[in-house]
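Here is a brief report on a protein chain and its metal site. Sequence and structure come first, then the description.

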Amino acid sequence: MKLLSLRLHHIEMPLVSPFTTSFSTQTAKRTFLVEAQLETASGEVVTGWGENVALDSPVYSPEHLEGAAYVIEHWLAPMLFAAEDVTAETVGHILHKIIGNQMAKAAVEMAVLDAQLRAEGRSFASYLGAVRDTVPSGVSVGIQESVEATVGVIGGYIDQGYARIKLKIQPGADVAHVAAVRREFGDDLPFQVDANAAYTLVDAAHLRRLDEYGLLLIEQPLGEADIRQHAELAKLMHTPICLDESVVSAEAAADAIMLGAAAVINIKPGRVGGYLEARRIHDIARAHGIAVWCGGMLETGVGRAANAALAALPGFTLPGDISGSDRFYTEDITTEPIRMHDGVVDVPTGPGFGVEVDPDRLARFRTRLVDIPA
Ligand code: SMG
Ligand code: MG
């Protein structure tokens, strides 16, 4: 295929409630969608949509929203326009001289992938080799002001039917909150925590206090670069260590597994450079008997739909952060919101990612439109 044009639709969507992690409080989602136009070998012009996951500021990853948009416009787009054959399978190779910038690369690869699959009339789930029609839906709960508030908010999500609860933690809002949740909802609740790199290995004795609460896992307790220290921590506590921020590529996943730093891996396509690399990490982990699950970056319906298909691969044995659109948004930009029902989300079956961007809502949420012509 030949890449004809790229457009970046910058959008801002209010969140239904503030979302606090160990690194920030978000009240709105600012991101951009990538709209790619490609011409197929038979001369058909197809459009595909991708979604950026880089946050406003570089607090989760080195990348950030404006940086990712800049890199796409000034570095990735020219290389792709110059290439003879652009497909989802060639994007990574065409861009391989650009170091890092996984989120920028992922957003573009995603748009090409959607366009390619739409041209073939094929669903993303079928392309990947998905083995399930639905995926269990977990919800990520932000840090609350008090233990009581944590219990109250989690109770609401349990009543809605979510299959698994993940609670954000940080020093000062950890053991007491976890203990209260277990006391209130019992030992059978599938329950895990995410520290977003808020601790250091010096905190091992403190973190070990979480062991008595039967958590599914603790996600990214230490820094992004601390793979070896995660391996040390794993020797000191029983709760399985899951890596998120540290796994930026298939190579990083392989290192983490071999070092004993990851009993579980959170796979986020944006963080690792795209859905193809995400599948490679799934394959590596599965071959090593390491469980994986699909993470979330507060995606709109576009990203969530693609994540649901990814999570339908056989190695995704734990519920992902694939909550319904209404967990973060009163209105999504896709014509049909992502719905959680009976603890699951349906895997889309339509061509491409199987969702349509609603032009009116896109226009309403849009703050800027950047055309990148060939
Ligand atoms: O998309 O449901 C979601 C949020 C999942 O907690 C979530 N993501 O570290 O896993 C993580 C965070 C990263 C984004 S926090 C702004
Ligand atoms: Mg995380």
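## Sheets, crossover and metal site

Met340 has Val345 in β13 as its bridge partner. Strand β13 (residues 344–346) and β12 run antiparallel and are joined by two bridges. Strands here are DSSP runs of E with at least two residues, helices are runs of H or I with at least four, and both are numbered from the N terminus. Two strands count as paired if DSSP finds at least two bridges between them.

This is a predicted model: local features need pLDDT of at least 70, side-chain atom pairs count only at pLDDT 80 or more, and totals for chains, interfaces and linings use all residues. Residues are numbered from 1 along each chain as its sequence is written, chains are lettered from A and ligands numbered from 1 in the order written, and side-chain values use heavy atoms, with hydrogens and water left out.

**The three-stranded sheet.** β12 and β13 belong to an open sheet with the order β4-β13-β12 and antiparallel pairing. Its edges are β4 (134–136) and β12 (340–341); each has a single partner strand, so one side of each lacks a neighbour in the sheet.

**The four-stranded sheet.** Another open sheet has four strands in the order β3-β2-β1-β14, paired antiparallel. The edge strands, β3 (45–51) and β14 (366–373), each pair on one side only. On average, neighbouring strands of this sheet are turned by 20 degrees against each other, direction ignored. Helix α3 (residues 102–120) packs on the sheet and touches β2 and β3. The direction of α3 makes about 140 degrees with that of β3. Axes are lines fitted to C-alpha atoms, for helices over the stretch in contact, and angles run from 0 to 180 degrees between N-to-C directions. Contact means heavy atoms within 4.5 Å.

**Bridges between strands.** Strands of a sheet pair through backbone hydrogen bonds, either parallel or antiparallel. Two further pairs are listed here.

| Strand pair | Bridges | Direction |
|---|---|---|
| β2 (residues 25–39) and β3 | seven bridges | antiparallel |
| β5 and β6 (residues 164–168) | four bridges | parallel |

Gln37 stands opposite Thr47 in β3. Gly138 has Arg164 in β6 as its bridge partner.

**The crossover.** β5, helix α5 (residues 147–160) and β6 form a right-handed β-α-β unit. Right-handed means that, with the strands pointing away from the viewer, the path from the first strand over the helix to the second runs clockwise. In β5 (residues 138–141), Gly138 and Ser140 point one way, Val139 and Val141 the other, and all are buried. Buried means under 20% relative accessible area (1.4 Å probe, protein chains only).

**The metal site.** Which residues coordinate the magnesium ion (ligand 2)? Asp194 (OD), Glu219 (OE) and Asp244 (OD) do, at 2.0 to 2.3 Å. Their spacing along the chain is D-x24-E-x24-D. Glu219 lies in strand β8 (residues 218–219) and Asp244 in the loop between β9 (241–243) and α9 (250–259), so this pair ties together parts 25 residues apart in sequence. Glu219 is buried, with a relative accessible area of 0%. Asp244 is also buried, at 0%. Donors are N, O and S atoms within 2.8 Å of the metal (3.2 Å for Na, K and Ca); water is not among the atoms, so sites may look incomplete.

**The whole protein.** There are 13 helices and 14 strands. Of the 374 residues, 59% count as buried. The C-alpha trace spans about 60 × 40 × 35 Å along its principal axes.

Note on methods
Buried < 20%, exposed > 50% of the residue type's maximum accessible area, 1.4 Å probe, protein only.
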